Amino acid sequence: MKVAFFDSGIGGLSVLHHALKVLPQEEFIFFADEDHVPYGTKSREEVLRFVDEAFEFLIGQGVGAIVVACNTATSVAVKEMREKYSLPIIGMEPALKLALDLFPQKKVLVTATAITITGEKILNLIEKLHAENLTELKALPRLVEFAERQEFNSAAVENYLRGELADYDFEKFSALVLGCTHFNYFKDTLRKVLPPHVKILDGNAGTINELIRRTNLQPSLIPFPVSLAPAFLQPSLIPFPVSLAPAFFYSKRRVTDSAELLRLEKFLKRLDEMEAIK
């Protein structure tokens, strides 16, 4: 099955990264709406229009399912896209339930973009989990900007995170939830900033599990080493046909430039490094 992963930028690569590990036999398209990134600072009407345009393009590419690998786009547009299109559409959900299941008596800090943490979807999730007294929400919009320019662990990133998180008494918290896929690139800096007992959780595995459930795809028993995933660079090193290598698009433009493909490889290698950090 051809599966599309859609995001405002390169944050959604973290979801594709997990899919490449557990579903290496499938055909993937990754669509980054680089013309309009970041979504978190746009109006809801703008985001809805951008997502609809991307969906029309992806369906024209013959995809059988779309993963909205963007919390902001999920919050704003998934309901409307499911009403308009009949194929399986899988959205992102912050790993709040996972955090509460692991540590039911401690608070959770959910970080995301401003449009996500003020949206109806996250508020409904908190209400559904009866977690009003255990959940705090924090927007970290500059992390999207840092990620897009591959500034992952600079002094500016660390200072930004320390400043934004300084007011929280983390002795009362069990976990920090990454409610934006761009935030997955900063687990090492977050680990430096947070106390050791505060776990860093994301929703990537849960999203891919939902994709598998909705489409009956068969996961691989042996995880694929994603650092070798860019078959367009080293096709002899990967255990599946080059034709199954992911196709990358920037706002409907196929990425073929070698410099841009190397940039994407750098993001995937960064995600390999971040994967072990909890």
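# Working through a predicted model

P38 sits in the loop that runs between strand 2 (27-32) and helix 2 (44-60). Keep in mind that this is a predicted model. Grab the structure and let's go.

**Exercise 1. Find out what kind of peptide bond joins V37 and P38.**

Start with the location: P38 is in the loop between strand 2 and helix 2. Now look at omega, which is about 0°. That makes the V37–P38 bond a cis peptide bond.

**Exercise 2. Look up H130 and Q150: where does each sit, and is each one buried or exposed?**

Take H130 to begin with. Its phi is positive, about 55°, although H130 is not a glycine. You'll find H130 in the loop between helix 6 and strand 6. Its relative accessibility is 68%, so H130 counts as exposed.

Next comes Q150. Here phi is near 60°, again a positive value in a residue other than glycine. Q150 belongs to the loop between helix 7 and helix 8. With a relative accessible area of 18%, Q150 is buried, because the cut-off for buried is under 20%.

**Exercise 3. Work out which parts of the chain the K107 and E136 salt bridge ties together.**

Step one is the distance: the closest N and O atoms of K107 and E136 are 2.4 Å apart. The cut-off for a salt bridge is 4 Å, and this pair forms one. Step two is the placement. K107 lies in strand 5 (residues 107-112) and E136 in strand 6 (residues 135-139), so the bridge ties together parts that are 29 residues apart in sequence. As for cover, E136 counts as partly exposed at 27% relative accessibility.

**Exercise 4. R263 has salt bridges with E148 and with E260. Which helices are involved?**

Begin with E148. Its side chain meets that of R263 at 3.9 Å, N to O. This pair links distant parts of the chain, with E148 in helix 7 (residues 142-148) and R263 in helix 11 (residues 258-274), 115 residues apart. E148 and R263 are both buried; for R263 the relative accessibility is 18%.

Now turn to E260. The closest N and O atoms of E260 and R263 are 3.5 Å apart. E260 and R263 both lie in helix 11, three residues apart, or about one turn of the helix. E260 is partly exposed, with a relative accessible area of 26%.

One more for your list: D52, E56 and K84 are linked in a network of salt bridges.

**Exercise 5. Find what I126 touches beyond its sequence neighbours.**

I126 is in helix 6 (residues 120-128) and is buried, at 9% relative accessible area. Skip residues up to four places away in sequence, and I126 touches L96, A131, E132, T135 and L137. For scale, I126 and L264 are 138 residues apart in sequence and 34 Å apart in space, C-alpha to C-alpha.

E158 lies in helix 8 (residues 155-165) and is buried, with a relative accessible area of 18%. Leaving aside neighbours within four places, E158 is in contact with T189, K192 and V193.

Methods
Residues numbered from 1 in each chain as written. Predicted model: local features only at pLDDT ≥ 70, side-chain atom pairs only at ≥ 80, totals over all residues. Heavy atoms only, no water. Helix = DSSP H or I, 4+ residues; strand = E, 2+ residues; numbered from the N terminus. Buried < 20%, exposed > 50% of the residue type's maximum accessible area, 1.4 Å probe, protein only. Contact = heavy atoms within 4.5 Å.
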